[in-house]
Amino acid sequence: MIELRDITKIYNKKGAAVTALRNVDLQVEKGDIYGVIGYSGAGKSTLVRLINYLEEPTEGQVLIEGVDLASYSVSELRAKKKQIGMIFQHFNLLESKTVFDNVALPLVLLKEKKQVIEKRVYELLAFVGLEDKAKQYPNELSGGQKQRVGIARALASNPTILLCDEATSALDPQTTDSILKLLKKINEEYNITVVIITHEMEVVKQICDKVAVMEKGEIIEQGAVIEVFGNPKHPTTETFVRTVIKNEVPDSLKQAIQKDGNSKLLKLDFLNQSSSEPLISKLIQRFHVKVNILFANTTDIQGAMLVTLIVQLEGEGAKAKEVIQFLEGNDVAVQEVVYP
Amino acid sequence: MISTTITMDQFMLSIYQTIQMVSISLIIGSVLGIPLGILVVVTRPGGIIENKWVYGLLNPIINIVRSVPFIILLVAIIPLTKLIVQTSIGTSAAIVPLTIYIAPYIGRLVENSLLEVNPGIMEAAEAMGATPYQVIRYFLLPEAFGSLILSLTTATIGLIGATAMAGAVGAGGVGDMAIVYGYQRFDTFVIIATVVVLVVFVQVIQSLGNVLARKVRRG
């Protein structure tokens, strides 16, 4: 659907070359909700602007449905852009036009008939829940409502792709939630491929299927959200994951943990739904060990459960080894933790 | 009783002449200046149809005309004026230099108004696949409309000031009357009357501009 092939983007700022992206490869399948996360300056904004050619790559290719955007003429490219909707952090609505006229704009550009425009605009406003605001101006709306107008506008020309550039970063958590639900609904009902640029892991956690983590113009990690969350490899990814999934024992508890030769601290990450089985209970019965649960966290990633336990295991060394083997045999990632 | 050397008819005629000069040169000046301002914005580096030749030509022209004081422009272009209106004196002879004076000024003001438009709007327009004409027509001008009205208000007031100097080519108008009757013939009443008229003019135009701008900004 969307393919970025070995993209490098270099800006010339007052004679100095600034590399915004370096050798970036990315593939987004049809129907994906693809998250791109990174700190500011990581290059994610540039990356999303390549998809609708607001930015052209210095090297590499951008393919939409298998066709290189560079091969289009200027007018073909304009036509292609109409199939790619975009929403923005600061909404970018025309303050001088009503909600209706804002949503109608892409259709006006397509030179649609008045009746067609009217029908479509009311349909879209109903979809985003703003039928009653048609005659109002953007400055009379809340942030969430403005973004809904932005979404309705982006959908007006029936795009197959929706690009979201920090679309929820200017919104409060509740509003963010409702906007994300709306994006999910768009993805499901219209089968629109969604690419989301964000610096909030919460956004990725809530609606993305796949995620790419960016740092200094490069993609440092990418894959299915459940895998990246369950097993982050790069330190930056780890930092992002930890903003939504805690796996640290509180300091006060750390001090209280009694150290003795026979106990081990283990961090257990339950992957692949195995959390529905009474594994700990089985373990105690089978190996006759004492298990003290120090920390537990369950994170719901769109229906898939990610469970982390930190347990204190009391038993002799040999037994501990068996226990670890048993757990690993049941799809649990085991890691010994040591607190100084 | 007021003692003065002018008649009411003379006074009314001068007001009429000022209005005539201001409105005609404002209209022609806008017809030239507004497209000029738009062109400078869209062809500037980073503009939607970036063109260093067009920009590199228009930008200095605006600066050159804008740096010539009106009184000098007035006499400097007399040959051109003669060519266009077949005369170098009178009200219609003043309209040519007034127009040439105000068009680049309007161009510059329009440019500033358009540059104030949120760059995010331009990005949205580009993302929607709008043609350059559509960007100007549906995004740039509507978003800048309120500010454009204020720019034209400023230009109009500038023109009123310039018409006072048009007396140098016998154009008439209230400014000319103030010099010829008020200053040169020591008629204080004429001076005061002209100042009052000019203050009222400026006040009315500025208030009108503010009201209109507020109205379009609210939609």
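**Helix α1 of chain A**

I looked up burial in helix α1(A) and found A:K44, A:T46, A:L47, A:V48, A:R49, A:L50 and A:I51 buried, where buried means under 20% relative accessible area with a 1.4 Å probe and protein chains only. The helix spans residues 44-51 of chain A and is mostly covered, with 7 of its 8 residues buried. I took helices as DSSP runs of H or I with at least four residues and strands as runs of E with at least two, numbered from the N terminus. After α1(A) I noted A:Y53, which has a positive phi near 55°.

I record here that this is a predicted model, in which local features need pLDDT of at least 70, side-chain atom pairs count only at pLDDT 80 or more, and totals for chains, interfaces and linings use all residues. Residues are numbered from 1 along each chain as its sequence is written, chains are lettered from A and ligands numbered from 1 in the order in which they are written, and side-chain values use heavy atoms, with hydrogens and water left out.

**Sheet of β2, β1, β4 and β5, chain A**

I then traced an open sheet of 4 strands in chain A, with the order β2-β1-β4-β5 and antiparallel pairing; two strands pair if DSSP finds at least two bridges between them. At its edges I found β2 (16-28) and β5 (67-68) of chain A, each pairing on one side only.

**Strand β13 of chain A**

I next examined β13 (residues 304-314) of chain A, a mostly covered strand in which 9 of 11 residues are buried. It runs antiparallel to β11 (residues 263-270) of chain A, to which 8 bridges join it, and A:V307 in β13(A) stands opposite A:F270. With β12 (residues 290-301) of chain A, β13(A) pairs over 11 bridges, again in the antiparallel sense. One bridge links A:N297 to A:T308 in β13(A). The hairpin of β12(A) and β13(A) has 2 residues between the strands, and A:Q302 takes a positive phi near 45° there.

**Chain B**

For chain B I counted 9 helices and 0 strands. Its C-alpha atoms fill a box of roughly 70 × 40 × 25 Å along the principal axes. Of its 219 residues, 47% count as buried.

**Contact between the chains**

I found 24 residues from chain A and 20 residues from chain B in the contact, with contact meaning heavy atoms within 4.5 Å. The buried area, which is the accessible area (1.4 Å probe) lost on being put together and summed over both parts, is about 1900 Å² between chain A and chain B, and carbon and sulfur atoms give 54% of it. On the chain A side, A:R78, A:N92 and A:L109 lose the most area to chain B, together 28% of what that side buries.

**Largest pocket**

A pocket is an open set of points on a 1 Å grid over the protein atoms alone where a 1.4 Å probe fits, with protein on both sides within 12 Å along at least five of seven lines; lining residues have an atom within 4 Å of a point. Of the 34 lining residues, B:G46, B:G47, B:I48, B:M122 and B:E126 are the closest to its centre.

Conventions:
Buried means under 20% relative accessible area, exposed over 50%, partly exposed in between (1.4 Å probe, protein chains only). Buried area is the accessible area (1.4 Å probe) that two parts lose on being put together, summed over both.
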